[in-house]
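My notes follow in the order I looked things up.

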Amino acid sequence: MNELTQKALSEAELRKQEAEANRRREAAAAQAAREKECIDYVERICAKFNENPMPAADSLPNAWPGSIVDTLSTLAAHEQGDARCCFVYGVVLIHGLGGGSQDAAQGVRYVRGAAERGMVQAQLFMAAMCRDGRWVAKNEAEAADWFGKAAKQGHAAAQFHFAECCRKG
């Protein structure tokens, strides 16, 4: 090969590498945008659980934009996933939101994982599920334990419910 051919091949390879780097940057930016959109949804849903530990399913959004449920499942997927995402993904599975199928048992596992990592909204949701026997076996002692954990973090509603549990014995 002559020097001109080698230079042309080097330039073509450089353009190819630059195009691949641009594609990777664009893919990373798109993924970051999907994750931000997902976290924004998570924050809004968590706020609903601050107002009420067991909001009605119809008060939660059922129309989820794009692939937000897929992104949410990815962010919640591993054991050390974002606790907020684990909690909300659990709620999505429990209620079958976002066009997905309902899988209450799997949803409870995600919610429990977030509660065990100290997320107040998840602790309150676990407490309400245990107190009411919804999606889990009714267990007032476990409900009191979850309310107590959330109460220790200063959550006023949890403190009220924990006091009620203590009063009842």
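I call a residue buried when its relative accessible area is under 20%. The model is a predicted one.

**Entry 1: H3.** I began with H3, residues 83-95. Eleven of its 13 residues are buried, so I noted H3 as largely enclosed by the rest of the structure. The buried residues of H3 run from Cys85, Cys86, Phe87, Val88, Tyr89 and Gly90 to Val91, Val92, Leu93, Ile94 and His95. I then checked the length: H3 reaches 18 Å from its first C-alpha to its last, close to the 18 Å expected at 1.5 Å a residue.

**Entry 2: H3 against H4.** How far apart are the axes of H3 and H4, and at what angle do the two helices pack? I found the axes 7 Å apart and the angle about 160°. Angles over 145 degrees count as roughly antiparallel, and H3 and H4 are therefore roughly antiparallel to each other. Their crossing is left-handed. On the H3 side I listed Ala83, Cys86, Phe87, Tyr89, Gly90, Val91, Leu93 and Ile94. These meet Ala104, Gln106, Gly107, Val108, Tyr110, Val111 and Ala114 in H4. By type, the residues of this contact of H3 with H4 are twelve nonpolar and three polar, with no charged ones.

**Entry 3: glutamine 121.** I picked out glutamine 121, which sits in helix H5, residues 120-132. Is glutamine 121 buried or exposed? Its relative accessibility is 13%, so it counts as buried. Leaving aside neighbours within four places in sequence, I found glutamine 121 in contact with Cys46, Phe49, Asn50 and Phe87. Phe87 was already in my notes as one of the buried residues of H3.

**Entry 4: H5 against H6.** I found H5 and H6 packed at about 160°, with axes 8 Å apart. That makes H5 roughly antiparallel to H6. H5 passes H6 in a left-handed crossing. From H5, the contact takes in Val120, Gln123, Leu124, Met126, Ala127, Ala128, Cys130 and Arg131. From H6 it takes in Glu140, Glu142, Ala143, Trp146, Phe147, Lys149 and Ala150. I sorted the residues of this contact of H5 with H6 into ten nonpolar, one polar and four charged.

**Entry 5: H6.** The 13 residues of H6, 140-152, should span 18 Å at 1.5 Å a residue, and the end C-alpha atoms are 18 Å apart, which agrees. Which residues of H6 are buried? I wrote down Ala143, Ala144, Trp146, Phe147, Gly148, Ala150 and Ala151. What covers these buried residues includes H4, H5 and helix H7 (156-168).

Terms used. Residues are numbered from 1 along each chain as its sequence is written. This is a predicted model: local features need pLDDT of at least 70, side-chain atom pairs count only at pLDDT 80 or more; totals for chains, interfaces and linings use all residues. Side-chain values use heavy atoms; hydrogens and water are left out. Axes are lines fitted to C-alpha atoms, for helices over the stretch in contact, and angles run from 0 to 180 degrees between N-to-C directions. Helices (H or I, at least four residues) and strands (E, at least two) are DSSP runs, numbered from the N terminus. Angles under 35 degrees count as roughly parallel, over 145 as roughly antiparallel, 65 to 115 as roughly perpendicular and the rest as oblique. A crossing is left-handed if the near helix is turned anticlockwise from the far one by less than a right angle, and right-handed if clockwise. Contact means heavy atoms within 4.5 Å. Ala, Val, Leu, Ile, Met, Phe, Trp, Tyr, Cys and Pro count as nonpolar, Asp, Glu, Lys and Arg as charged, and the others, Gly among them, as polar. Buried means under 20% relative accessible area, exposed over 50%, partly exposed in between (1.4 Å probe, protein chains only). The expected span of a helix is 1.5 Å times one less than its number of residues.
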